[in-house]
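Colleague: Could we go through the charged contacts in this model, and then the surface?
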Amino acid sequence: SNMLVPFIAVHVGAGYHNRDDRKSLRILCEAACQQAMELLINGQTCSEAVARAIAVFEDSHLTNAGRGSNLTLTGTVECDASLMDGRGGFGAVGATEGIAHPIEVALRLKQSGERGPLPLGRIPPLLLVGQGARLWAGQQGLALCDPDLLITDRAKEVYLDHKARLDAVTQQRTSRSMADMGPAGPIEQKACEPFAA
């Protein structure tokens, strides 16, 4: 009678979600919960179950995680993921490119930290970013991918629209700044002489 019953709850992230996607998002949430629950029922850890649920989102073009993420100012996908448990275990990655499931790298970092020091007493990393995260993930046998495969048509369309609007505002501000300088153009800056002591 004191048996704990596992419970899984997920959400697809903050921000705006297209109303037309509501049914698909509910189905996605159900799939994430079902896959996570299967792991718990089969004796896997809570952290493994959480990572599995998030990986379902990372595979979906509907969420801002993994495939289909919002693009950076340079038009690439960079993902962050972190995982923490109630006992203080932690692992995280940031600004990753070309990693199919950043949450799996965070999970593996957490697990690595729980095993204790590395050879020669080195402390295992808890947080890796950018190319360091990608290199470590590859060394661990985790799934890497061509970064372009994470860019969906929908994300590219939104990016191009937002970039065009941003470029237009930048151009307007530049034009105004040039007009404010008057006919003489920009003020010439002269090097300052150091103060004499």
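Colleague: Which residue forms a salt bridge with Asp 21?
Modeller: Arg 154 does, with the closest N and O atoms 2.4 Å apart; a salt bridge here is a side-chain nitrogen of Lys or Arg within 4 Å of a carboxyl oxygen of Asp or Glu. The pair links distant parts of the chain, 133 residues apart: Asp 21 is in the segment before α1 (22–41) and Arg 154 in helix α5 (residues 153–180). Helices (H or I, at least four residues) and strands (E, at least two) are DSSP runs, numbered from the N terminus.
Colleague: Is Asp 21 buried or exposed?
Modeller: Asp 21 is buried, at 14% relative accessible area, whereas Arg 154 is partly exposed at 35%. Buried means under 20%, exposed over 50% and partly exposed in between (1.4 Å probe, protein chains only).
Colleague: How many salt bridges does the whole structure have?
Modeller: The search finds six. One of them joins Asp 161 to Arg 165 at 3.4 Å between the closest N and O atoms. These two residues are four apart in helix α5, about one helical turn. Asp 161 is partly exposed at 39%, and Arg 165 is exposed at 52%. Elsewhere, salt bridges with shared partners connect Asp 85, Arg 87, Lys 110 and Glu 114 in one network.
Colleague: What is the N to O distance between Asp 85 and Arg 87?
Modeller: It is 3.6 Å. Asp 85 is buried at 14%, while Arg 87 is exposed at 74%.
Colleague: What should I keep in mind about the source?
Modeller: The model is predicted: local features need pLDDT of at least 70, side-chain atom pairs count only at pLDDT 80 or more, and totals for chains, interfaces and linings use all residues. Residues are numbered from 1 along each chain as its sequence is written, and side-chain values use heavy atoms, leaving out hydrogens and water.
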